[in-house]
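Reader: I have not seen this structure before, and I would like to go through it slowly. Could you take my questions one by one?

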Amino acid sequence: MENRLTPTAKSAILNEEREGNIMKKLQTRKLSMFIREWCIENGFEVSIRYGCDFAYFYQKDIVRYSFITCKAQDEYMKEFWALHGLKYNCDIFLMSLLHEIGHYMTEDEWTDEENAIFTLLKISCDGETKEGNFEYWEVPDEKRATEWAIDFINSNPQKCKKFWTECRKLIMEIYVDAGL
């Protein structure tokens, strides 16, 4: 027999999920404010938001960060970055965040038409394979954002280390507060 949820049970689950998302946003506020302040100090005029994945929204200059991880993709990304000149071992969170800031820093290099083509190219990549991930990161706007991030890390290793140390503390606070 199929297990079915009553409308009341479904509503309770949805409310719990919403409350969890609200709590996560409240818990990430301190981290978001820290990242935002760091961005301002470094001349990156972006808004910072917590969300379901790392992203950059160029229409509103919003950098979104996340705690999502995928072991295989993280390894592919570290390999790709090493092949493209990253000199330091960095956490994937820092790499991803700086990559998204790299989109902000390089967005004026592309026309709207080029961005539309890049979007189509990225949609066609297979995110499940190493080759597909490398193909995605070779799309010009992705590659340029990565190059910017690698250059920033290589040129500012102590600044990045200090930034990551503080981010890590704030991230751990979120997990401790959540009882994880």
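Reader: Is cysteine 39 buried or exposed?

Author: The model here is a predicted one, and every value below is computed from it. A residue counts as buried when its relative accessible area is under 20%. Cysteine 39 has a relative accessibility of 0%, and therefore it is classed as buried.

Reader: Which cysteine has the sulfur nearest to that of cysteine 39, and how many disulfides are there?

Author: A disulfide would require two cysteine sulfur atoms within 2.5 Å. For cysteine 39, the nearest cysteine sulfur is that of cysteine 167, and it lies 9.2 Å away, so by this cut-off cysteine 39 is in no disulfide. For the protein, the count of disulfides comes to 0.

Reader: And cysteine 125, is it buried or exposed?

Author: The relative accessibility of cysteine 125 is 14%, and the limit for a buried residue is under 20%. Cysteine 125 therefore counts as buried.

Reader: In what order do the elements of the protein run from the N terminus on?

Author: The protein holds 7 helices and 3 strands, and buried residues make up 37% of its 180 residues. Read from the N terminus on, the order of the elements is α-β-β-β-α-α-α-α-α-α.

Reader: What does phenylalanine 93 touch, leaving aside its neighbours within four places in sequence?

Author: Leaving aside its neighbours within four places in sequence, phenylalanine 93 is in contact with Leu31, Ile35, Phe54, Tyr65, Ser66, Phe67, Trp164, Cys167 and Ile171.

Reader: Where is threonine 146, and what does it touch beyond four places in sequence?

Author: Threonine 146 sits in helix H6 (residues 140-155), whose 16 residues should span 22 Å at 1.5 Å a residue, in agreement with the 22 Å between its end C-alpha atoms. The relative accessible area of threonine 146 is 2%, so this residue is buried. Not counting residues up to four places away in sequence, threonine 146 touches Phe80, Trp81 and His99.

Reader: On which side of helix H4 are its buried residues, and what covers them?

Author: Helix H4 (residues 112-123) has Asn115, Phe118 and Lys122 as its buried residues. They cover an arc of only 60 degrees around the axis, which means that they are on the same side of H4. The face turned away from this buried side carries the exposed residues Glu113, Leu120 and Ile123. What covers the buried residues of H4 includes H5 and H6.

Reader: What is the phi of aspartate 61, and is this residue buried or partly exposed?

Author: Most residues other than glycine have a negative phi. Aspartate 61, in the loop between strand S2 (55-57) and S3, has a positive phi, near 50 degrees. At 24% relative accessibility, aspartate 61 counts as partly exposed.

How values were computed. Residues numbered from 1 in each chain as written. Predicted model: local features only at pLDDT ≥ 70, side-chain atom pairs only at ≥ 80, totals over all residues. Heavy atoms only, no water. Helix = DSSP H or I, 4+ residues; strand = E, 2+ residues; numbered from the N terminus. Buried < 20%, exposed > 50% of the residue type's maximum accessible area, 1.4 Å probe, protein only. Contact = heavy atoms within 4.5 Å. Expected span 1.5 Å × (residues − 1). Arc of directions from axis to C-beta.
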